[in-house]
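Biologist: I am new to this structure and would like to go through it step by step. Could we look at it together?

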Amino acid sequence: MMLPKVLLLGRPNVGKSTLFNRLIRSRRAITHDRPGVTRDRMEGVVGARSQRPFILVDTGGITLDGHHAVVEGPQGIRGFEADILRQAEAALAEAGVVCLVVDGRDGLTPFDEHLASHLRRFGTLSLLVVNKVDGAEREDELTAEFHRLGLPLLAVSAEHGYNIRALEEEIRIRLPGGPGESGGESGGEDETGAAEEGPCHAGSAREDEAEARPVRCPRPAGPLKLCLLGRPNAGKSSLVNAYAGEERMIVSEVAGTTRDSVDIPVTRKGRDYIFVDTAGVRRRARITDTVERFSVNSALKSTTKAHVTLLALDAAQPLTAQDKRLIELLDERKTPFLVVLTKIDLVPAGTRAALKRRFAEELSFCSHVPVLTASSRSGEGLQALLDMADRIRSECAVRVSTGQLNRAMEEALARHQAPVVRRVRPKFFYLTQAESEPPTFVFFVNDAERVAESYVRYLEKSLRRIFGIRHAPMRVRLRSSHGARGGAARAPRASEGG
C-alpha cells in the first residue's frame, strides 16, 4: 500500500531530526546541538492502532535568501546547501503535507520567512510547527510573531513531547483523503511475516550440482534488506543511487558525506529491496568527532538488522587494515555478507580478473564470502550483486531434516575419520540443527575436547558441500555427551570456522 508522505522542512538546528525521532518513536536520525548534522533525507513510518499511518520524511537544513537561492549555511552543511535543497524539493514533489519547523526560542528569522515564501510557490498544504515550546504557559509568547507567516500554527516540544499527539492529529486531518480513511492494521509491509516453504537447492552453482543435495528452506516474505558498509569514499551512496535510478543520496568526493543510516526502498525486476546506506567507517582511534562516532555506531548496528550486508571496497585502492578489520568483525558476528569491489570501471579490463583473484586470496581467512565487482556509473554487476544477496539470504534460512543430517554425518566420517587425540579417537553420536539464520549445526560426541580444530573445519566444509551452503555464515558446535540421546551432557564447545 502506498502511504501518504509528510515532509519536515526548516532551516538548520530547529529540531527537525528530534521531531522525526519523536514521531516515529525510534532514535533513527542522529541528533546533536551542532547545526547541520542532517544532510540526506530520511523516511520513517508513523503509525498507531486504528490510526491512519503515513511516511514521515526528515530533511537537511535549508538556507535561502529572498530570491529563493541557496546561501552559505553553518559548518556542518557548508558546500552541500544546493544538494540539500534538491533533496528537499524532490521530497516536496511527493509530499501530501509539509510541516515547516521553526525554533520558538530563536523567534522568526529571515531564513524562516524566505523558506515559507519558497513553499508557497509549490502550493503544498503546509503546517507551521513552532518547536522548542516546552509548555502551554509560554506558548502565546513564543508563537506570537510566527502568525505573520499566515500558516496554521501548532506549538510543540520535540525534546519533551509537548503537543506531539496533537501534531499527529493535525497532520492526519490534512492528509489527502481526509481523516476518515483507515490505513489498515499495519503501517507497512511485514518484513518478518510468515514464510511459505518450498524446495530450495541452495547449492545451485555448476560445480556443486553433482554433490549438493536439495534442502528445505523458507522463502522469506517481504523486501530483501541490504546494508551498505565500508570505509569513507568507497562508493556506497553511488551504488544506492544507481539502484534507485535517481540522486537519492548526496554524493561527494568529500569523505564522510553520509552521516545517518538511511533506508531507501527500491523495486527492481519485480523484486522489492530496502537499501540501507551508512556512514563510512574509519578506525576508532581516528574518530574524534562525536557526530562521526554516532554515525559509525549507527552503521555497524544497521548490519545486525539487514538480511545481507554489502561490504564496499574501492577496486582502485589496495586492501587496507581497516577493510580487513571490518571483514573480521562481520565474520566473527556471523553476519551474512558479500564483498563488492566498487568503481570497477576505473580498472583496465585486462587486469580485472587478476585483481579479483588477488582480493580473494587476501580474504582467504573467510573463503565462503563471495567477491564481486560492480560499477555504479556503467551499471556493470548491479544485478549480479542482488542475485548473490538473494542466494545468501536463502542459504541462511536452510532447514535440514533429521534423516539428511544423519546421512551427512555418516558421509563426512566415512570420508575422513576424526584423528586420534591422546590415544583416543573421538566418537560421534548424532548431528542436529540447532537453528537457522545462520545455520547452526551441533555434533554430539563422547568428548568434545578430543576433537581437533582442523577436523572441525573439515566438518564445516563437508556440511557446506553436502547441503550446498556455499556463502552463508555457518556455526559448527561440539557437545560432549555420554552416548545415549538425552543423556548427561557437558557444556558445549563452540568451534566456528569461516
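Biologist: Which residue follows helix 1, with a positive phi?

Modeller: This is a predicted model, in which local features need pLDDT of at least 70, side-chain atom pairs count only at pLDDT 80 or more, and totals for chains, interfaces and linings use all residues. Residues are numbered from 1 along each chain as its sequence is written, and side-chain values use heavy atoms, with hydrogens and water left out. Helices are DSSP runs of H or I with at least four residues, strands are runs of E with at least two, and both are numbered from the N terminus. The residue that follows helix 1, with a phi near 60°, is R25.

Biologist: How many of the 9 residues of helix 1 are buried?

Modeller: Buried means under 20% relative accessible area, exposed over 50%, and partly exposed in between, with a 1.4 Å probe and protein chains only. Among the buried residues of helix 1 are L19, F20 and L23, and the buried residues pack against elements including strand 1 (5-9) and helix 5 (164-174), where contact means heavy atoms within 4.5 Å. For helix 1, residues 16-24, the number buried is 7.

Biologist: Why does R465 count as buried?

Modeller: R465 is found in helix 12, residues 453-467. R465 counts as buried because its relative accessibility is 18%.

Biologist: With which side chain does the side chain of R465 make a polar contact?

Modeller: A polar contact is a pair of N or O atoms within 3.5 Å; within protein, one must be able to donate a hydrogen and the other to accept it, and residues adjacent in sequence count only if both atoms are side-chain atoms. At 3.2 Å, the partner of R465 is E411.
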